[in-house]
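User: I would like to learn how to read a chain contact and a strand in a model. Please show me.

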Amino acid sequence: MENVRVIARMDIKGPNLVKGIHLEGLRVLGKPEDFARYYYENGADELFYQDVVASLYERNSLHDIVSRTAKDSFIPLTVGGGIRSIDDIREVLRAGADKVCINTAAIRNPEFIRDAANKFGSSTIVVAIEAIRQPDGKYMAFVDNGREHTGVEVISWARRVEELGAGEIVITSVDREGTGKGYDIALTRSIARAVGVPVIAHGGPGKKEHFTDVLLEGKADAIAVASMIHYDLIAQQQSDMENRSEGNVSFLKSGRSSFGEIAPAGLIAIKQYLKESNIPCRN
Amino acid sequence: MSGKKIAIIDYKLGNLFSVRQACVYLGYDAVVTSEKDEVMKADFAILPGVGAFGDAMNNLEKLDLISPIKDYIRAGRPFMGVCLGLQLLFTESDEFGSHKGLNLIEGTVKKFPPKKTNDEVLKVPQIEWNNIWERADRRWESTPLGSCRSGDYMYFVHSFFVQPQSPDVVLSVTTYGETTYCSSVLQGNLFACQFHPEKSGHHGVGIYKNWLTNYSNNK
């Protein structure tokens, strides 16, 4: 088995790190660059920023956050959300991103993937596929954070995306996203088996066992983690504040009971668990 | 600021921001340039790059950078290649037909076989953190890898790997699937690595630091 990557996924709205369920119902967690910095220092293999409202309102607002992060975080940084043109890609890379993630624009115009890969190299182009399971068991691709149906079936789309030159594919289960019920193993496996490029599983982990499931059974090459590590960091900040017993912590305290099915875990603990499960990854 | 100047050679392929960022972080004056004069007057030169081998050689030729790079290296001045910048130093590559490289290190560039012997698919490109290993007969002490330990993880993104003719230039090896290959070379003033030190955390930035300070101290 090859080394797997653990990717810290951060959804961003305006200046804030947010987390939702099914990519909806967003909750503000803090400043993205603070979380990114902490994840960089604590074993993240990559950072992944997704502007979750960019393609809705057709705008790019991430550049300042990207620049501040790229200045002192020396690990790969992928940025997605509202990237529609070669110029958009150039600007995000110039701000300090290493890779860009495309979804909506790729579905609207698949040739955009080819142009982008020719211009910037396949390894710079990540394509995101947001999948929703249909009553007949098929998975269909959606855009705009699971809001808009595209009529595209995900496995054939994944193969097409690879042909067009994408270097990696992120497969998001919108059904599982933010729920803590675990990654969609069948979905991930079907994509990972269909293509020869690395596949990143995203959406759903609530406990550490979910990682081994999606890596061993789902055949993912990398895992994206959001809620579990965000909540772990927030819980840690809360206990720091309680120990110091100063300032108004009622806001943060109020969030503590609402982690739902998600058991917070830090990146170091997650990697330790992978090692114990004989899954190779960077220390 | 060290006062020393680094030229990061821009041949219009790939993203050079992060290489520059690592140099600036270490206090160096780093300029991204396609001008041969700027390259020639720099104290250090770095050839980075991601993308296709053939396009890269075409661009270097169009920008009239091939002879300046060769002159710079033959003059014994400090030169570092990263990723595609390592592969370009070799004699030739199999990437989409055969292409001639800069031929400063004898050897070829080959593609990873997509299948393992157990018939499992090997994902290509390799996009992962992987180990670099020291060889028994080539210690890292007082090389740019001097601050690394054998087995340290570095960040790799590539589909092709180099095969130097002389084993003496191989500084580290790495295994992907069933292929054990040369992941960095040191040949006199020429240091180059397949992984991205600028994307490999503190250990990686330390490689730039070693490379830059070893040479600064020797002068």
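User: How many residues does the contact take from chain B and from chain A?

Analyst: Contact means heavy atoms within 4.5 Å. Here chain B gives 29 residues and chain A gives 38 residues. This is a predicted model: local features need pLDDT of at least 70, side-chain atom pairs count only at pLDDT 80 or more, and totals for chains, interfaces and linings use all residues. Residues are numbered from 1 along each chain as its sequence is written, chains are lettered from A and ligands numbered from 1 in the order in which they are written, and side-chain values use heavy atoms, without hydrogens and water.

User: What is the area buried between chain B and chain A?

Analyst: Buried area is the accessible area (1.4 Å probe) that two parts lose on being put together, summed over both. The value is about 2,600 Å², with 54% from carbon and sulfur atoms. On the chain B side, Lys123(B), Trp129(B) and Tyr153(B) lose the most area to chain A, together 25% of what that side buries.

User: How many salt bridges are there between chain B and chain A?

Analyst: A salt bridge puts a side-chain nitrogen of Lys or Arg within 4 Å of a carboxyl oxygen of Asp or Glu. The count is 2. One of them joins Asp221(A) to Lys123(B), with the closest N and O atoms 3.0 Å apart.

User: Why is strand 4 of chain A largely enclosed?

Analyst: Strands are DSSP runs (E, at least two residues), numbered from the N terminus. Buried means under 20% relative accessible area (1.4 Å probe, protein chains only). Strand 4 (residues 46-51) of chain A is largely enclosed by the rest of the structure because 6 of its 6 residues are buried.

How values were computed:
Buried < 20%, exposed > 50% of the residue type's maximum accessible area, 1.4 Å probe, protein only. Helix = DSSP H or I, 4+ residues; strand = E, 2+ residues; numbered from the N terminus.
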